[in-house]
Amino acid sequence: MIYILGNGPSLKNTLDRDLDILKNKECAVVNKFGNTDYFFHIKPSWYILADPAFFLDFNKIPDSIKKEIVPLSQVIKKKVTWRMNFYIPIVAEKSEFIKEIGMNPNICFYYYNNYGVSDVIPDGTFKYKLWDYNLLSPLSQTVLNTAVHLGIKLRYSKIYLLGADTSWHENYELDQKTNVLYSIDTHFYGKRKLPLYLDSEETLPSKLHLELSMVAKALGSYWTLLEYSKYAHVNIYNASEYSWIDAFPRSTISDCKQKNV
């Protein structure tokens, strides 16, 4: 059994109230979770990255996110004192970020295939075996999609999602004079207003219809992963306090505590 923690704003209430439940449990965290104090309380056994911005050369990362990514690399490099499995896309193997954190002997790398998305292959045993053997991958619009895929692939009997709000569509703002699209980028550790871009270098402004289509792809991916989980005999529960994911049955972390899982 594993808890997968998204970074949605609802996670803060969960952690502030139920942090002790997660201690000494197998947990997976994503993206910039390591920049928070909760990281050292939970000591996750998994860390998953998917955003291409993490794997740019440090001198090419836009300043708006560089101030978070570079410190994160130093936290993992210098302060992780427990064994932690780091899951990253194959294309990131030689990136500067990975070279930095790889200096910590407690980090063990596993590479997932983010090539060859398999949408054109019908759902079924053949496709799922390709995913099992890391030959193809499901559509992963977000790092949480990837985390759920890996949890199924590794055959955890139960997966509980926390902080999986998937509520970005609530936070878009369109400048009525310039048509610049912004997002109130909201996570459990804070929020800020940012213009949206299509590329990691922040040179191509995004468009509203494209952002909405990405939300739809992220939500649709969970329905595909639900079928994969049935094939693999893995049960997934959405224990987030607030979430737009409608593919998995709901639960609560209190239920987990009562069941001693």
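Me: Which order do the seven strands of the open sheet have, and with what pairing?

Reply: Strands of a sheet pair through backbone hydrogen bonds, either parallel or antiparallel. In this predicted model, the open sheet of seven strands has the order β5-β4-β3-β2-β1-β6-β10, with parallel pairing. Two strands pair if DSSP finds at least two bridges between them; strands (E, at least two residues) and helices (H or I, at least four) are DSSP runs, numbered from the N terminus. β5 (107–112) and β10 (235–238) stand at the edges with a single partner strand each, so one side of each lacks a neighbour in the sheet. From one strand to the next, the twist averages 20°.

Me: Which helix packs on the sheet, and which strands does the helix touch?

Reply: Helix α1 (residues 11–22) packs there, touching β1 (2–5), β2 and β6 (158–162). Its direction makes about 155° with that of β1. Angles run from 0 to 180 degrees between N-to-C directions, and axes are lines fitted to C-alpha atoms, for helices over the stretch in contact. Contact means heavy atoms within 4.5 Å.

Me: How many bridges join β2 to β3?

Reply: Three bridges join β2 (residues 27–30) to β3 (residues 46–48), and these strands run parallel. Ala-28 has Trp-46 in β3 as its bridge partner.

Me: How are α5 and α7 placed relative to each other?

Reply: Two packed helices are described by the angle between their axes and the distance between the axes. The axes of α5 and α7 come within 11 Å and cross at roughly 90°. The two helices are therefore roughly perpendicular; that word covers 65 to 115 degrees, while under 35 counts as roughly parallel, over 145 as roughly antiparallel and the rest as oblique.

Me: Which residues of α5 are buried, and what covers them?

Reply: In α5 (residues 125–132), Lys-127, Tyr-128, Leu-130, Trp-131 and Asp-132 are buried, that is, under 20% relative accessible area with a 1.4 Å probe and protein chains only (exposed is over 50%, partly exposed in between). Their cover includes α6 (143–153) and α7 (208–232). Just after α5, Asn-134 takes a positive phi of about 65°.

Me: How many helices and strands does the protein have, and what share of its residues is buried?

Reply: The protein has eight helices and ten strands, and 49% of its 261 residues count as buried.

Me: What conventions apply to the numbering and the values?

Reply: Residues are numbered from 1 along each chain as its sequence is written. Local features need pLDDT of at least 70 and side-chain atom pairs count only at pLDDT 80 or more, whereas totals for chains, interfaces and linings use all residues; side-chain values use heavy atoms, leaving out hydrogens and water.
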